[in-house]
Structures are given as C-alpha cells and as structure tokens.
Amino acid sequence: MVRVNLDTNIENYTFYEGEEGNQKETVLSINNKIKTSVSIDYRIISATLSFTPKFISWNKYNPLKGNSSYTDFTFRFFPKRFIQTLYYKNVKGFYIENMQDILPGWQKDKDAYIQFPDLRVQTFGGSTAYALNKDFSVKSIYTQGEWQTKSKGSWTPFLDYDYTIFSNTIEGQKSKETQFNIGANMGYFYNWVIAEKVNIAPYVALGFGGKFSSFRDTLTDGSKGAKENTQFVTVKFASGLHVGYNTDHFLFGGKLNFNANAYNQEENYTVENSNYFGLIYVGYRFAPPKVVKSNYDKLQKKIPIL
C-alpha cells in the first residue's frame with residue numbers, strides 16, 4: 001500500500017515565566033505550515049518520509065519570519081497486538097510568534113519577528129504500545145492496513161522515549177542541550193464502524209514521565225562553559241480523531257491530532273511543547289513485486305513474529 005499525506009504540521013515551544021495569573025509567555029514556531037508525507041506499507045511494516053516542500057507557498061522563505069526546514073523518518077512494526085514505532089526528526093529555523101505581547105507597538109505583516117535561524121532540534125525517538133483487546137485492530141487505526149468489521153475499542157498502555165539535541169548559535173556563541181525523555185502512558189482507542197467502508201476512530205491518552213537534561217555553552221574563545229545537569233517530571237496529553245473510507249484498492253481519509261507535554265524548568269518557569277495538526281491522506285493497494293514477497297517470506301521463516 002502506498003499513501004500520500006498532506007498535513008498542517010505546526011511545531012512550537014511555549015515558555016511561561018512568572019507566577020500563575022501573571023505569567024509572561026514566549027512562543028517559538030517554525031515557518032513551515034504544510035507537510036507532505038509518502039508512506040509504503042507491507043504486511044506488518046510501515047515506512048514514512050515527511051518533509052515541507054518549498055513549492056507550497058505557505059512553506060516558502062518569509063523575510064519577516066525567516067526560513068525553516070522540517071524532515072522526519074518514521075518506521076512502524078505491528079507484530080500481533082504490539083505497535084513499535086521508531087523515528088528521526090530534524091527541525092531548524094524558529095521565530096518568536098507572539099511579538100505583539102513582547103514589543104508594544106509591534107505591527108503584524110510590517111515588522112520583522114525575532115528570529116533564531118540557527119536553532120536546530122534533532123530527535124531520535126520511539127514508542128512501544130500494546131492493545132489489550134485482541135479483537136481490536138491497531139493497523140486499521142495507524143495505517144489502514146486492516147479492516148475492522150465490528151465496532152471495538154481497546155485500552156492501550158504504551159511507553160515513549162526520545163533523545164533530543166537542541167543546538168543554537170547567537171552572536172558567535174554556540175550552545176547545546178541534550179534531553180532524554182521517557183514516559184508511561186495509558187490511552188483508549190475506539191474504532192466505530194458506521195458503514196461497511198467507513199469508520200470513525202477517536203482516541204485520548206494521558207501520561208507521566210521524566211526528562212533528563214544536560215546543557216553547555218561554547219564561549220566565543222572556543223572554550224567550553226560549565227555543564228549543567230537537571231531532571232524534571234513531565235506531564236503528557238494526546239487526543240485525536242480519524243475518519244476513513246476503505247475499498248479493496250482505494251482508500252482516503254483525514255485525521256486531527258493534538259500532542260502536548262509540559263514541565264517546570266525552575267520555580268515560576270514552565271516549558272510546554274505542543275504539536276497539533278490536521279491530515280488528509282490518499283492511498284492505493286496493489287499486488288507486491290515478486291522479489292518483495294519472496295524475500296519477506298524467507299525472512300518470516302527465520303523471524304516468525306513477522
């Protein structure tokens with residue numbers, strides 16, 4: 001199965017400083033608004049490449065906001081009721097979105113935003129999930145690789161983990177921060193089959209975890225600054241809705257997703273990372289090339305879980 005997705009991927013980081021009720025907010029965003037993804041799925045394996053094409057006008061260079069880039073690779077495996085996800089994400093080029101809150105008199109579409117063109121965020125991550133209901137199809141939700149014939153729901157516990165590198169250069173001074181995140185979550189997925197070929201699938205998840213951070217500056221003379229190690233407790237929330245249409249060969253649908261996590265970096269200082277997007281996909285199923293089928297069958301004999 002081959003799928004092409006278009007989605008409104010919006011990556012931002014929000015910093016809150018001050019006591020509740022009197023907080024100052026700073027929002028860092030990227031200038032790319034439309035992401036394109038191409039996915040190839042075969043049996044229990046799914047691979048996706050995502051990027052922000054410049055031929056879409058909303059992704060082009062904006063002199064007021066600067067230039068941003070976004071790329072990610074995602075692999076998913078579906079052995080039995082498990083969902084194993086691995087991914088790499090690379091984002092570069094941010095600007096302060098809420099300039100009107102920071103500079104009095106600042107005018108939208110006229111004045112330039114404060115930009116961080118060298119701010120780069122690289123993430124290596126993954127998640128491991130397990131559907132507790134044996135009659136619930138996880139592939140029907142994630143890749144539309146199966147059909148759910150009767151409405152079913154399932155509690156799905158999952159672990160998520162990632163290693164993130166933040167790097168930046170301001171006036172010749174380099175800085176680098178690394179973060180390791182791990183969290184335990186519980187989600188509930190429901191696949192409502194409203195017609196033979198149409199389904200609606202909402203989900204919600206909540207989790208708690210830990211963040212382990214290490215930060216160091218590189219001074220203008222090339223020497224290394226003092227290394228700072230910190231630990232935080234994180235709270236995570238996710239929700240979404242999927243509407244799909246399936247036939248023997250053709251499929252299409254849409255999704256709405258929201259993901260957020262937050263932690264207190266220090267007293268009266270909170271950091272929140274949120275990601276919300278709408279997605280439209282179109283796909284087609286066709287007979288696999290003989291070389292793919294034969295090699296997969298040989299591999300399956302050696303690794304039965306495939």
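Student: This is a predicted model, and I see F78, Y142, F189 and Y203 described as one aromatic cluster. What makes the pair F189 and Y203 stacked?

Tutor: Start with the numbers: the ring centres are 5.1 Å apart and the planes sit at 10°. Rings pair if their centres lie within 6.5 Å, and planes under 30 degrees apart count as stacked, so F189 and Y203 pass on both counts.

Student: How do you know that this pair ties together parts that are 14 residues apart in sequence?

Tutor: Look at where each ring comes from. F189 belongs to strand β10 (residues 173-195), while Y203 belongs to strand β11 (residues 198-218). Both F189 and Y203 are buried, too.

Student: Why is the pair F73 and Y88 called stacked?

Tutor: Here the centres are 6.4 Å apart, which is within 6.5 Å, and the planes are at 20°, which is under 30 degrees, so the pair is stacked. F73 sits in strand β6 (residues 69-77) and Y88 in strand β7 (residues 82-96).

Student: What makes K35 a charge over the ring of F277?

Tutor: The charged end of K35 is 5.9 Å from the ring centre, and the distance limit is within 6 Å. K35 also turns up with D7 and D72 in a network of salt bridges.

Student: Speaking of those, why is the contact between R3 and D41 called a salt bridge?

Tutor: The N to O distance is 3.1 Å, and the cut-off is within 4 Å, so R3 and D41 qualify. Both residues are buried. R3 lies in strand β1 (residues 2-7) and D41 in strand β4 (residues 35-42), 38 residues apart.

Student: And how do you know that D297 and R43 form a salt bridge?

Tutor: Their closest N and O atoms are 2.9 Å apart, again within 4 Å. D297 is in helix α3 (residues 290-302) and R43 in the loop between β4 and β5, so this pair ties together parts 254 residues apart in sequence.

Conventions. Residues numbered from 1 in each chain as written. Predicted model: local features only at pLDDT ≥ 70, side-chain atom pairs only at ≥ 80, totals over all residues. Heavy atoms only, no water. Phe/Tyr/Trp six-rings, centres within 6.5 Å; stacked < 30°, edge-to-face > 60°. Helix = DSSP H or I, 4+ residues; strand = E, 2+ residues; numbered from the N terminus. Buried < 20%, exposed > 50% of the residue type's maximum accessible area, 1.4 Å probe, protein only. Lys NZ or Arg CZ within 6 Å of the ring centre and 35° of its normal. Salt bridge = Lys/Arg side-chain N within 4 Å of Asp/Glu carboxyl O.
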